[in-house]
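Me: I am new to this structure and would like to go through it step by step. Could you please show it here?

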Amino acid sequence: MATGHAMETNPAPAADAPDGDDMLLRVENLVKYFPIKGTGWFREKEQVHAVDGVSLSVPRGQTFGVVGETGCGKSTLARCIARLHDVTSGRIVFDGQDITQLSQRRMRPLRREIQMIFQDPIGSLNPRRRVGSIIGDPYAIHGLAAGAERKRLVQELMERVGLNPEHFNRFPAEFSGGQRQRIGVARALAFRPKLIICDEPVSALDVSIQAQVINLLADLQADFGLTYIFIAHDLSVVRHVSNSIAVMYLGKVTEIAPADTLFTLPRHPYSGALLSAVPIPNPDQSDQRQQIILAGDVPSPIAPPSGCRFHPRCPKAAPVCVSEDPPLEPRLGDGPEHVAACHLPMAEGENLADFSPSISAEERVVEVEGSLLPDDAAPDATAIADALPARGEGGKP
Amino acid sequence: MTRFLVRRIGQSILVLFISSVVVFGIYFVGPGPNQVARQFAGRLGTAARIAQIKHELHLDQPIYLQYSHWAWNLLHGNFGYDYYKGQPVGSVIAAAAPPTISLVIGAAIIWIIYGVFTGVISAVRSRSLMDRSFTASALFFYSMPTFVLGLALIWIFAYKLSPVTTFFPFHGFVPITTNPGQWFEYLILPWLTLALVTAATYTRLTRASMLEVLGEDYVRTARSKGMTERRVITRHALRAALTPVVTLAGLDIGTALGGVIIVETLFGIPGLGWTVIQAIQQQDLPIILGITILAATFVVVANLVVDLLYAVLDPRVRLY
Amino acid sequence: MSMPELSSAGMSETLIEEGDAPASKKIEGRSPWRLAYERLRHDRAAKIALATILVVVLLALLAPVFAKILGHGPNQQFIDIGENANGGPVPPSGTFWLGTDNNGRDLFIRILYGARISLIVGVLATGISVVLGVVLGLAAGYIGGLVDTVIARLIDVMLSIPFLILAISIAYISGPSLFLVIIIVGVLSFTYLARIVRGQVISIKSREFIEAARALGARPWRIMFVDLLPNVMAQVIVYATLLIPAAIVFEASLSFLGVGVPPPTADWGAMISDASGFFQYGYWWFLFFPSVALLTTTLAFNIFGDSVRDALDPRGAGIYV
């Protein structure tokens with residue numbers, strides 16, 4: 001993480017890596033579809049294409065950022081890597097081991113190596129449990145420590161993340177948002193995992209608190225040699241913390257690049273458009289910049305557009321974009337660390353505002369935003385009546 | 001919508017089927033064929049009778065065949081034969097049904113009207129004296145067991161107030177076809193007993209539901225449009241607030257139609273509840289079976305009707 | 001460019017602490033329970049109700065003591081002084097504080113012993129219902145799928161078959177007993193709690209802290225009992241408190257029908273049933289006092305239960321009354 005520590009260069013690969021590979025995590029063609037509930041027994045079920053063929057590699061000790069708009073699948077990707085979901089197809093190789101098909105039972109010991117920090121500081125902590133108990137969960141679940149020993153370890157963790165260990169017995173509601181995220185960090189840290197997936201860890205926090213939490217994460221990475229996958233939708237945050245960044249759109253990765261390169265020389269038009277939306281503090285520079293405003297809404301992930309998924313909104317769209325899905329590979333002479341999935345990548349100095357698509361509006365496959373059925377259980381008529389104690393007549397006296 | 005209908009009806013049939021199997025299992029299989037035959041014959045069965053019954057009921061055949069015979073008969077409306085009374089169970093049930101129906105429907109009308117009315121007033125005039133007294137009385141009657149209230153009413157109306165009034169008979173039943181006036185008289189106390197206790201729940205439910213609805217945004221919008229309070233209540237709030245009440249009413253009535261044992265026993269009303277208690281005391285198995293299955297059917301059907309009604313009123317339910 | 005560079009040294013001091021005095025031990029965790037307790041403390045109706053309950057419990061506990069003092073056992077028949085010329089009960093007097101029943105037994109003592117039965121059945125049966133309801137509700141809600149379907153159908157079947165008839169039959173055939181009554185009441189009352197718990201679990205289980213627990217490798221049973229249960233406890237307590245009076249009434253009704261606790265055990269329902277044949281002759285106390293006892297106890301529990309519900313969920317009664 002770029003905090004002034006010398007973390008720009010890759011650390012030396014760990015000498016005890018099982019296969020000498022310094023990639024802690026490899027994801028190969030990960031696909032995750034969700035069936036849509038309740039469309040009846042006979043009609044073929046529609047699927048939400050949450051993650052549609054994602055491949056990436058995360059080197060040890062580094063921070064790998066993942067950005068994208070809401071609905072691009074980054075959270076689903078995170079949960080698939082953490083094996084909270086079953087994978088539709090594809091491979092996840094963690095530390096040399098293929099964990100894709102592991103049963104939950106076999107996965108349990110591996111949970112100590114892969115942990116998650118969640119976005120919602122309120123929702124990710126059980127409101128009815130004391131903080132000490134929440135942080136101590138890892139020790140309890142895996143039988144690592146109990147009683148006084150556990151308490152000691154928990155309090156150590158609390159100190160390490162900047163919480164007052166005396167507040168061991170408080171409830172999450174008594175802490176501020178930033179502190180709650182620290183609790184989440186402490187909980188994830190208990191195992192000394194190798195990989196921590198941070199799913200929008202600072203999105204719900206005030207900006208000044210964001211800085212604190214990010215600094216905390218940086219320190220922990222330095223001290224414990226952690227590897228992070230850092231998911232966010234805020235580009236400026238991601239740039240600050242990541243070594244490389246992947247940009248996702250509608251379930252697919254559109255570009256992967258080292259952090260600074262992505263910002264100075266994006267190849268994919270989508271990246272370019274995203275960057276143009278990042279606020280620049282300098283008002284003169286900001287004025288000079290032209291904002292690329294993408295047309296249309298994000299299409300529905302139930303029936304994604306053909307070919308390149310971005311073509312309905314892309315300023316550079318051409319017929320080849322409608323027919324062929326571009327592979328993720330280096331473009332325009334880039335090295336292997338910078339890949340993009342685009343037929344007409346942006347060259348240096350190109351301005352997206354100068355372009356207009358060479359396909360007509362009809363040729364673009366414009367998807368209507370599908371209406372997904374609500375997920376919450378509908379009120380059950382009989383449940384209401386049974387909520388009342390047995391009274392009166394009939395079956396009960 | 002049709003998918004929902006089909007699914008829901010299928011569920012009901014399944015539940016009925018399982019219920020019938022359970023009931024059958026308990027009463028037929030548990031005791032064993034000899035015991036069953038003896039119970040069917042009733043207390044006074046002779047050995048020859050028992051053998052005959054055993055044969056007639058196919059008790060010597062495998063269980064699933066017994067079940068299918070029994071279920072088949074049921075589906076054709078044949079509830080079996082009551083050897084003890086010497087008449088088909090069906091006719092016993094048919095005779096016992098009207099008193100129960102009179103009792104339940106009459107009480108239901110009273111408790112629904114009273115409960116909803118007091119509940120709405122309590123909600124609208126929340127925290128007023130009326131609200132507090134209605135709520136308190138609801139709590140009071142809610143805590144009262146049916147038989148205590150029944151006895152209290154009998155005491156007051158039949159004894160204490162006499163000779164001023166003895167016009168509330170409290171034991172027996174007169175069919176409406178025989179003498180409507182007496183039919184009514186004999187049912188007043190039972191109706192009151194059943195209704196007051198049940199109404200308490202409805203008062204509380206309506207009040208709670210109404211309060212919740214009245215706090216909703218669309219009610220506030222209606223008010224801000226200048227609608228009179230009365231119209232706000234009757235046209236907007238009431239509809240939404242009444243759905244759980246309607247649901248509950250359906251279920252209560254369905255359950256009650258299976259026999260209101262306490263009230264019937266107390267007031268000597270020869271309905272389904274009273275009949276089944278008698279049957280238990282006489283160990284008259286066919287009647288017990290018949291009424292049990294009938295009651296279960298009432299409940300399942302009531303559940304189904306209520307769910308369908310709910311689907312009509314609240315479209316969200318149809319989605320699954 | 002976009003993120004202010006903060007030194008890590010500033011981290012610990014700038015934590016926002018509410019009211020963090022140096023002596024931080026003074027500040028206790030303000031748990032949700034604590035808040036509820038505070039609310040309850042200021043509820044006058046609740047306090048009166050609770051006091052009533054405690055009085056009833058106390059009287060029940062002291063029943064043998066009273067019996068000793070007065071020299072009247074609960075089943076002791078005083079044919080000579082306890083019955084009048086016609087063999088009916090005698091009214092309240094110095095000897096028999098609340099009069100006697102039709103068998104010349106001291107009504108006051110019997111009411112005290114009856115309280116024991118009612119309380120025992122009320123609490124134990126509710127306990128059974130709670131255990132059954134919570135376990136099945138948790139399993140149905142969290143595990144879902146086939147388990148949920150099976151449990152839901154089971155509950156449906158239990159609610160449709162008039163198990164009361166079945167229960168009465170069993171009691172009649174095998175002979176009534178206290179144990180049987182507790183089982184019957186407990187098993188027939190769990191369904192409504194199970195539905196509540198299941199509903200709660202379903203609405204909670206998609207929250208992130210459950211995902212976090214799974215990410216830690218927690219097994220389903222641990223998630224159910226360590227993570228989910230505390231979140232449904234509030235509702236469980238509310239409905240359990242309201243279940244107790246329902247169980248008491250249920251038991252009294254069973255006894256009234258003659259299938260509850262067997263005579264000569266003192267039981268309010270049985271006493272009322274006996275009294276129903278006598279009060280028309282003017283023996284009002286025989287019916288009155290047990291009824292008052294039953295009503296008071298039930299009322300107290302209901303009022304207290306309502307207050308508990310208001311305390312734990314101050315946003316007001318939902319549609320669950």
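Me: What pattern does chain C follow, read along the sequence?
Reply: Chain C reads α-α-α-α-α-α-α-α-α-α-α-α-α, with 13 helices and zero strands. Helices (H or I, at least four residues) and strands (E, at least two) are DSSP runs, numbered from the N terminus. The model is predicted: local features need pLDDT of at least 70, side-chain atom pairs count only at pLDDT 80 or more, and totals for chains, interfaces and linings use all residues. Residues are numbered from 1 along each chain as its sequence is written, while chains are lettered from A and ligands numbered from 1 in the order in which they are written.

Me: How much of chain C do buried residues make up?
Reply: Of the 321 residues in chain C, 48% are buried. A residue is buried if 20 or more other C-beta atoms lie within 10 Å of its own, exposed if 12 or fewer, and partly exposed in between, with C-beta atoms placed from the backbone.

Me: Which residues of helix 5 of chain C meet helix 8 of chain C?
Reply: Val121(C), Leu124(C), Ala125(C), Ile128(C) and Ser129(C) of helix 5 meet Val181(C), Ile182(C), Val185(C), Gly186(C) and Val187(C) of helix 8. By class, this contact has eight nonpolar, two polar and no charged residues. Contact requires C-beta atoms, placed from the backbone, within 7 Å. Ala, Val, Leu, Ile, Met, Phe, Trp, Tyr, Cys and Pro count as nonpolar, Asp, Glu, Lys and Arg as charged, and the others, Gly among them, as polar.

Me: At what angle do the axes of helix 5 and helix 8 of chain C cross?
Reply: The axes of helix 5 (residues 107–143) and helix 8 (residues 178–188) of chain C cross at roughly 45° and come within 7 Å. Axes are lines fitted to C-alpha atoms, for helices over the stretch in contact, and angles run from 0 to 180 degrees between N-to-C directions. Helix 5 and helix 8 of chain C are therefore oblique to each other; angles under 35 degrees count as roughly parallel, over 145 as roughly antiparallel, 65 to 115 as roughly perpendicular and the rest as oblique.

Me: And how far apart are the axes of helix 5 and helix 6 of chain C?
Reply: The axes of helix 5 and helix 6 (residues 145–160) of chain C are 7 Å apart, and the two helices pack at an angle of about 135°. The residues of helix 5 that meet helix 6 in chain C are Leu136(C), Ala139(C), Ala140(C) and Ile143(C). The residues of this contact divide into seven nonpolar, one polar and one charged.

Me: Changing topic to chain A: is strand 9 mostly covered or uncovered?
Reply: Strand 9 (residues 244–249) of chain A is mostly covered, with six of its six residues buried. Ser244(A), Ala246(A) and Met248(A) are buried on one side, and Ile245(A), Val247(A) and Tyr249(A) on the other. In a regular strand the side chains alternate between the two faces of the sheet.

Me: Which strands does strand 9 of chain A join?
Reply: Four bridges join strand 9 to strand 3 (residues 63–67) of chain A in a parallel arrangement, and Val67(A) stands opposite Val247(A). Six bridges join strand 9 to strand 10 (residues 252–258) of chain A, which run antiparallel. Two strands pair if DSSP finds at least two bridges between them. Ile256(A) in strand 10 is the bridge partner of Ala246(A).

Me: What do strand 9 and strand 10 of chain A form?
Reply: Strand 9 and strand 10 of chain A form a hairpin with two residues between them, and Leu250(A) in the turn has a positive phi of about 50°.

Notes. Contact = placed C-beta atoms within 7 Å.
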